[in-house]
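The questions below are meant for someone meeting this structure for the first time. Each answer works toward the value or name that was asked for.

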Protein chains: 2
Amino acid sequence: MRIAIIGYGGVGRAFLRLLLEKKDELLNEGIVPNVKYVIASKGGVYNPNGIDIEEFINYSKTNKDIMKFSKGNTQQITFNNIIENKDVDVVIEMTPTNKKTGEPGMTHIVKSLENGFHVITANKGPILLAYRKLREIASKNKVQLGIGCTTGGALPTINGGLIDMAGSTIQSIEGVLNGTTNFILNEMETNKVEYVEALKKAQQLGIAETDPTLDVEGWDTAIKLLILTNVLMEEEKKLEDIEVEGISKIKASEIFEASKKGKKYKLVGKAVRLEDGLDMSVRLEKLDPSNPLYGVDGKNKGVRYVSDTLGDLTIIGGASGVTPAAASILRDLINIKRGYKFII
Amino acid sequence: MRIAIIGYGGVGRAFLRLLLEKKDELLNEGIVPNVKYVIASKGGVYNPNGIDIEEFINYSKTNKDIMKFSKGNTQQITFNNIIENKDVDVVIEMTPTNKKTGEPGMTHIVKSLENGFHVITANKGPILLAYRKLREIASKNKVQLGIGCTTGGALPTINGGLIDMAGSTIQSIEGVLNGTTNFILNEMETNKVEYVEALKKAQQLGIAETDPTLDVEGWDTAIKLLILTNVLMEEEKKLEDIEVEGISKIKASEIFEASKKGKKYKLVGKAVRLEDGLDMSVRLEKLDPSNPLYGVDGKNKGVRYVSDTLGDLTIIGGASGVTPAAASILRDLINIKRGYKFII
């Protein structure tokens with residue numbers, strides 16, 4: 001399988017490592033990975049015979065500029081060369097997310113699909129902005145678009161809705177989809193501290209970013225909910241259609257009161273089909289232990305689908321980190337190789 | 001898609017109803033169901049042009065002997081005629097389970113696969129006794145074998161392990177897989193009654209059978225655990241390899257004591273990879289609310305997989321009843337149509 005990797009951050013590195021570590025398992029699937037391109041923001045390398053992955057990983061550990069990797073036949077290259085050469089089967093798009101334009105991922109995905117390459121992406125931007133359009137391009141060109149990594153990484157939210165609910169209509173989606181807020185709420189409960197202190201700890205541990213707005217104000221949850229809703233409920237909603245509330249106003253005393261009654265606060269994203277349309281929200285909810293999302297702790301995420309014929313399905317898991325994220329990309333790759341048509 | 005239905009009990013009826021109710025959704029998948037055969041224990045009917053499903057359902061509501069259904073070109077028939085005629089794409093095998101011989105399902109499945117028909121089955125017997133052999137026959141004949149219904153019905157245990165964990169190695173399986181014991185344990189906790197009384201109520205409600213041994217002594221859980229282990233962990237274990245304990249010895253006082261500490265007893269089936277082999281057991285375990293299987297209540301089932309690269313995955317759901325079971329067969333049918341290779 002001839003592969004191009006676009007975007008070479010933590011997940012890209014972890015993905016290359018997985019290709020080596022999972023060599024035997026991949027061979028069992030009939031997959032012999034042949035990575036022809038690795039392209040970072042300023043350009044990258046190309047080897048028509050395949051890049052020596054082990055050498056490349058070692059090189060890039062100590063050398064920031066991957067374009068200088070020159071082992072074997074390796075040449076310097078940019079994205080457009082992939083389109084000119086037309087010598088890959090799948091493009092793995094992992095450039096940073098831009099939620100306004102989707103670029104540069106949008107162009108990479110569109111051009112790759114149009115040229116008959118499967119695409120697997122970790123990039124939320126293009127999926128958020130243009131899933132339906134991208135699906136149409138993929139369908140027209142008879143290739144697949146794997147987006148499992150965009151909504152929970154290792155947590156199989158997309159598979160759960162598309163494959164495990166096949167033949168059933170999803171009537172509502174409910175999810176605890178953001179690890180950072182989950183951690184902060186847990187921290188407030190366990191150590192009886194206020195929000196500001198819990199956030200500081202999350203930042204010290206690298207769990208929350210310096211500017212935590214995206215997570216704590218609910219936007220990360222909203223984005224994931226939006227992608228799930230549009231993909232699984234055949235909608236074309238926008239972020240503006242979601243009522244979004246964050247967690248910054250909750251008091252330790254409220255969490256403590258809830259805890260005394262055996263309940264837990266979680267930031268829940270919800271899309272519910274009503275008679276007059278779809279109601280979408282992100283807000284703090286007090287869950288009791290009988291709710292299957294109650295047990296979703298700091299490390300995990302969870303989502304619950306309610307359907308007409310297959311009942312409820314709750315999926316909990318999805319360890320955080322670059323390896324699980326890379327493993328979710330590898331999962332899409334294997335499932336596409338096994339013949340699965342995410343897009344018909 | 002040309003279909004043969006073997007076994008016409010509650011799930012078979014529900015499946016035919018779903019084919020009608022989900023007509024539009026199936027058309028979107030490119031599936032136009034053409035049911036050529038419906039065969040019950042004494043024989044059945046065949047129509048080379050397709051049986052009129054609506055007429056057939058109505059007929060079979062009031063007429064026990066489906067062989068007398070004679071609308072259109074319909075003829076009386078037995079299983080062997082399917083093999084002679086070779087005019088179907090998929091055989092849905094739903095005859096009653098025999099755990100000693102697997103028959104008559106075993107013969108139906110083997111012959112169908114050998115003749116190049118996909119098989120989807122709700123029958124645990126053949127899968128329990130000979131999954132590996134059946135997988136080999138399917139692989140050799142380039143057809144698929146859908147077994148999602150055999151281990152939890154609507155709960156996507158097989159999909160979860162095969163598709164959602166693709167590329168990852170499952171290190172342990174842990175499941176609350178039996179609805180009847182779950183109901184009895186709930187009943188003992190909620191109404192503070194002893195086992196015998198809770199069992200009686202379950203029997204009155206039709207949740208437990210007159211001879212409840214299979215459920216309450218843990219064998220149903222053991223069978224499902226065995227299938228999951230052999231399919232998802234590449235094992236060839238037998239029922240004798242599992243240490244099986246039921247729930248009949250638990251006292252209401254023990255459940256009450258656990259409940260006071262916020263814990264719940266569940267009948268848990270477990271397969272854990274250890275350095276010196278695989279440890280398999282079915283026994284009562286006291287779960288605390290942080291365990292994702294804690295929230296699996298009377299109506300639902302749940303399973304948890306621990307993997308190397310994709311973290312933990314817990315799947316909870318799977319409403320009981322003939323419609324969800326039939327919907328899980330339809331799910332396998334759709335996923336096979338979408339090109340998925342459960343078997344490579």
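Q: Is Glu209(A) buried or exposed?
A: In this predicted model, a residue counts as exposed when its relative accessible area is over 50%. The relative accessibility of Glu209(A) is 51%, and therefore Glu209(A) counts as exposed.

Q: Where in chain A does Glu209(A) lie, and for what does UniProt list Glu209(A)?
A: Glu209(A) lies in the loop between α9 (195-204) and α10 (213-216) of chain A. In an unreviewed entry, UniProt lists Glu209(A) under the feature "binding site".

Q: Is Ala4(B) buried or exposed?
A: Ala4(B) is found in chain B, within strand β1, which covers residues 2-6. A residue counts as buried when its relative accessible area is under 20%. Because its relative accessibility is 0%, Ala4(B) counts as buried.

Q: Which residues is Ala4(B) in contact with, leaving aside its neighbours within four places in sequence, and what distance separates its C-alpha atom from that of Asp89(B)?
A: Once the neighbours within four places in sequence are set aside, Ala4(B) is in contact with Tyr37(B), Ile82(B), Val88(B), Val90(B), Val91(B) and Ile92(B). Asp89(B) stands 85 residues apart from Ala4(B) along the chain, yet the separation between their C-alpha atoms is 8.2 Å.

Q: At what angle do helix α1 and helix α13 of chain A pack?
A: Helix α1 of chain A comprises residues 10-21 and helix α13 of chain A comprises residues 322-337, and their axes are 8 Å apart. The passage of α1(A) by α13(A) is a right-handed crossing. The two helices pack at an angle of about 65°.

Q: How many nonpolar, polar and charged residues has the contact of α1(A) with α13(A)?
A: On the side of α1(A), the residues that meet α13(A) include Phe15(A), Leu18(A) and Leu19(A), and among those they meet in α13(A) are Val322(A), Ile329(A) and Leu330(A). Sorted by class, this contact of α1(A) with α13(A) has eleven nonpolar, two polar and no charged residues.

Q: How much of residues 7-144 of chain A is helix, and how much is strand?
A: An unreviewed UniProt entry annotates residues 7-144 of chain A as "domain: Aspartate/homoserine dehydrogenase NAD-binding". The end C-alpha atoms of this stretch are 20 Å apart, and the chain over these residues is 45% helix and 16% strand.

Q: What kind of axis relates the two copies?
A: Chain B can be laid on chain A by a turn of 180° and a shift of 0.0 Å along the axis, with an RMSD of 0.0 Å. The two copies are therefore related as by a two-fold rotation axis.

Technical notes
Residues numbered from 1 in each chain as written. Chains lettered and ligands numbered in written order. Predicted model: local features only at pLDDT ≥ 70, side-chain atom pairs only at ≥ 80, totals over all residues. Heavy atoms only, no water. Least-squares fit on C-alpha atoms with pLDDT ≥ 70 in both. Helix = DSSP H or I, 4+ residues; strand = E, 2+ residues; numbered from the N terminus. Buried < 20%, exposed > 50% of the residue type's maximum accessible area, 1.4 Å probe, protein only. Contact = heavy atoms within 4.5 Å. UniProt positions renumbered as here; feature names shortened; annotations may be inferred. Axes fitted to C-alpha atoms, helices over the stretch in contact; angles between N-to-C directions. Left-handed = near helix turned anticlockwise from the far one by under 90°. Nonpolar A, V, L, I, M, F, W, Y, C, P; charged D, E, K, R; others polar.
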